[in-house]
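I opened this notebook to record what I looked up in one model.

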Amino acid sequence: MSGEWKYRVRLFVQRFWQPTSACMTCMPGSWSNVLSGAHWAIAFQTGLFTGMLAVLLTFTPAAKLYAHRYGNALVVGCLTTLGDAYSHTSHYRIPVVEHVVTGVISGLFALAASYLLEDRARRIRAVWARVVG
């Protein structure tokens, strides 16, 4: 597999877990329904749709945004909002609020991951080394 496609596979995996986690967090009753199959199906559908959109964006000039921490978080948040709106209707009283909140949470997950997991999780390893030894 070429380096470009390895990048796209890694990007898909990243853009799958961030929206899925955000969707699980933002749906009403998230923590009480964590074992619900329907709840997971909606979250997976949101993650899959967002991941596919993220990979499609790599074929456009907008792919340059992935190289920057805040541009990446913005793109992930917007794509998650679209993916969540596509996956299901809002469970909140105001129709678009759930989708926007899910997008914001997903963007924050992407931003946190960029800080914590960059350079083979250098920051996490440094804290672990201080704590353990």
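**Basis.** I worked from a predicted model, in which local features need pLDDT of at least 70 and side-chain atom pairs count only at pLDDT 80 or more, while totals for chains, interfaces and linings use all residues. Residues are numbered from 1 along each chain as its sequence is written, and side-chain values use heavy atoms, with hydrogens and water left out.

**Overall fold.** I counted 4 helices and 0 strands in the protein chain, which reads α-α-α-α along the sequence. Helices (H or I, at least four residues) and strands (E, at least two) are DSSP runs numbered from the N terminus. Along the principal axes, the C-alpha atoms fill a box of roughly 45 × 40 × 25 Å. I noted that 36% of the 133 residues count as buried; buried means under 20% relative accessible area, exposed over 50%, and partly exposed in between, with a 1.4 Å probe and protein chains only. I then looked up contacts, meaning heavy atoms within 4.5 Å. Among contacts with a separation of 6 or more, 64% join residues 24 or more positions apart.

**Helix 2.** I found 21 residues in helix 2, residues 37-57, and a reach of 30 Å from its first C-alpha to its last, close to the 30 Å expected at 1.5 Å a residue. The expected span is 1.5 Å times one less than the number of residues. The buried residues of helix 2 include His39, Ile42, Thr46, Thr50 and Leu57. Helix 1 and helix 3 are among the elements that cover these buried residues.

**Cysteines.** I searched the whole structure for disulfides, defined as pairs of cysteine sulfur atoms within 2.5 Å, and the search found 0. Cys23 is in no disulfide, and the nearest cysteine sulfur, that of Cys26, is 7.6 Å away. Cys26 is likewise in no disulfide. Cys23 counts as buried because its relative accessibility is 0%. Cys26 is also buried, because its relative accessible area is 6%.

**Two single residues.** Is Ala22 buried or exposed? I recorded Ala22 as buried, since its relative accessible area is 0%. Ala22 lies in helix 1 and, leaving aside its neighbours within four places in sequence, is in contact with Thr102, Ile105, Ser106 and Phe109. Trp128, in helix 4, is exposed because its relative accessible area is 60%. From C-alpha to C-alpha, Trp128 and Gly103 are 31 Å apart in space and 25 residues apart in sequence.

**Largest pocket.** I looked up the largest pocket, which has a volume of about 350 Å³. Of its 17 lining residues, Arg10, Gln14, Arg15, Asn72 and Ser114 are the closest to its centre. A pocket here is an open set of points on a 1 Å grid over the protein atoms alone, where a 1.4 Å probe fits, with protein on both sides within 12 Å along at least five of seven lines; lining residues have an atom within 4 Å of a point. Points are joined across faces, edges and corners, and the volume is the space filled by probe spheres set on them. Helix 1 (3-26), helix 3 (69-87) and helix 4 (97-132) each supply at least two lining residues, and helix 1 gives the most, with 7. I recorded the lining as 8 nonpolar, 5 polar and 4 charged residues. Ala, Val, Leu, Ile, Met, Phe, Trp, Tyr, Cys and Pro count as nonpolar, Asp, Glu, Lys and Arg as charged, and the others, Gly among them, as polar.
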